[in-house]
Amino acid sequence: MIERLWSEFRLDRGGTVVALGGGALTDAAGLAAAMYLRGVPWVAVPTTLVGQVDAGIGGKTAIDIRRGRTLSGRSIGPRGS
């Protein structure tokens, strides 16, 4: 799915990914943004209560892989540092 997102991106380094959806979608979009062109800015717009809590506390973008949950991802500090 991440590769599919990358193929749909029409961004340069100055672009921003806007992730509108639930927690799984915002995690996947955040990871895709973090890895695309070695990182482009992104904004999460969670549409579910769980997604809002996750975004408020979160600070991570990750996806589940066959070996386990959230083993592939990136933790970020305040303001994406």
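Two strands count as paired if DSSP finds at least two bridges between them. Strands (E, at least two residues) and helices (H or I, at least four) are DSSP runs, numbered from the N terminus. In this predicted model, β1 and strand β2 (residues 42-46) pair in the parallel sense over five bridges. Within that pairing, A19 has A44 in β2 as its bridge partner.

The chain has three helices and four strands, and from the N terminus on its elements follow the order α-β-α-β-α-β-β. A right-handed β-α-β unit is made by β1, helix α2 (residues 23-35) and β2. Right-handed here means that, with the strands pointing away from the viewer, the path from the first strand over the helix to the second runs clockwise.

Confidence is given as pLDDT, the predictor's score for each residue from 0 to 100. The chain averages 79, and 75% of the residues score at least 70.

| Strand | Residues | Mean pLDDT |
|---|---|---|
| β1 (highest) | 17-21 | 92 |
| β4 (lowest) | 68-75 | 59 |

Over residues 77-81 the pLDDT is below 50, and this stretch has two contacts (heavy atoms within 4.5 Å) beyond near neighbours in sequence.

Among contacts with a separation of 6 or more, 56% join residues 24 or more positions apart.

Residues are numbered from 1 along each chain as its sequence is written. Local features need pLDDT of at least 70, side-chain atom pairs count only at pLDDT 80 or more, totals for chains, interfaces and linings use all residues, and side-chain values use heavy atoms, with hydrogens and water left out.
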